[in-house]
Amino acid sequence: MTKHIHGGDVYKYRNCLDFSANLNPLGTPESVKKAICDSLDHIAEYPQVGSELLREKIAEYEGVKTEEVICGNGAAEVIFTLCRAVNPKKALIPAPTFAEYGQALASTGCELEYYMLTENEGFVLGEAYLDILHKGLDIAFLCNPNNPTGMLIPHRLLKKILEKSRKLGILLVVDECFLDFVKEPQEYSLKRSLSGFNNLFILKAFTKRYAMAGVRLGYGLCSNRVLLDEMERNVQPWNVSTMAQAAGIQALSETEYVEKGRQLVFRESQWLKEEMTRIGYKVFPSEANYIFFKGPEELFDFCLRKRIVIRDCSNYPGLTKGYYRIAVKTHEENVKLIEVLEGGILWQKQ
């Protein structure tokens, strides 16, 4: 069995300060925890199939139609269900990017093509991507901002990609899970194009925005009713638990919490980048609630000895040892990280 490597493995790395998972640094809202506790009164009942009330709340939050929303047991399940529903023969994904796209596509026997993002170009997806799109592709995945690099794709380029994809009959899947931690998310989201493009599928999740990784709740936005119906036929019944539905409905009302978390990320991300650059790391201009950087090849092990876990990105296609990602956390936690990272550079020079 292939081991699923991911950030946030607190079961393997116990009693450590975890910088490997990129969640809202404020932690899970207390109101969400209470909603989960209250939902236990209904634990003997089956969850609502189709998550109708939750979908209505998501539609209201996102400014889309209820029938354009599909919920899943985390964004990962939505990705896997989408791939089963489409059953693509050939797909295009960037490298490096979020591993679950490739895993889900491979599970259907799909052939993968890669668009390599290079350090020389700052890991930025450029206009050359348009030339890679071809009629033999069934589906293409993009992550905006990209994980683990944190680089944004300009809306103008995304629109060109979407239009060319439609002409070529390609389903374009855009993961916007981290857009919540970008300064002007509405400037980059493709939500406004949903109704006009039935070849567009947008991925979102509660995981990062509300620090709800353990709840497992994600969703997709799409105007293609035929595709959504096929997804519903390919997903297991009762895939979104009663607790997850209650947590999601409550979380969507936490607008002040989300904005407070965003402002904290903006401040701390800037501080971390400046400190890491001062110390001597190569820091990329990541735009999300995480920072992508280069350091000594043994840095992960060094940090682990200091009881801090960072994300070793060497298992991402297109990356090697020495590339890392860290979450942006509270200032007190970030100060501890900087102390350890400074020690890592000094240790390397000895």
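**Reading the core**

Mentor: The largest nonpolar core has 53 residues, and L125, Y129, I161 and F206 have the most contacts inside it. A nonpolar core is a set of buried Ala, Val, Leu, Ile, Met, Phe, Trp, Tyr and Cys residues joined through side-chain atoms within 4.5 Å. Buried means under 20% relative accessible area, exposed over 50% and partly exposed in between (1.4 Å probe, protein chains only). Helix 6 (residues 155–168) gives the largest share of this core, five residues; helices (H or I, at least four residues) and strands (E, at least two) are DSSP runs numbered from the N terminus.

This is a predicted model, in which local features need pLDDT of at least 70, side-chain atom pairs count only at pLDDT 80 or more, and totals for chains, interfaces and linings use all residues. Residues are numbered from 1 along each chain as its sequence is written, and side-chain values use heavy atoms, with hydrogens and water left out.

Trainee: Where does L125 lie?

Mentor: In soluble globular proteins, nonpolar side chains tend to be buried together. Here L125 lies in the loop between strand 4 (111–116) and helix 5 (129–132), and L125 is buried, with a relative accessible area of 7%. Beyond its neighbours within four places in sequence, L125 is in contact (heavy atoms within 4.5 Å) with residues including Y115, L142 and I161.

Trainee: Which residues of helix 1 are buried?

Mentor: In helix 1 (residues 30–39), these are V32, A35 and S39. The buried residues of helix 1 pack against helix 8 (242–251), while the face turned away from the buried side carries the exposed residues E30, K34 and C37.
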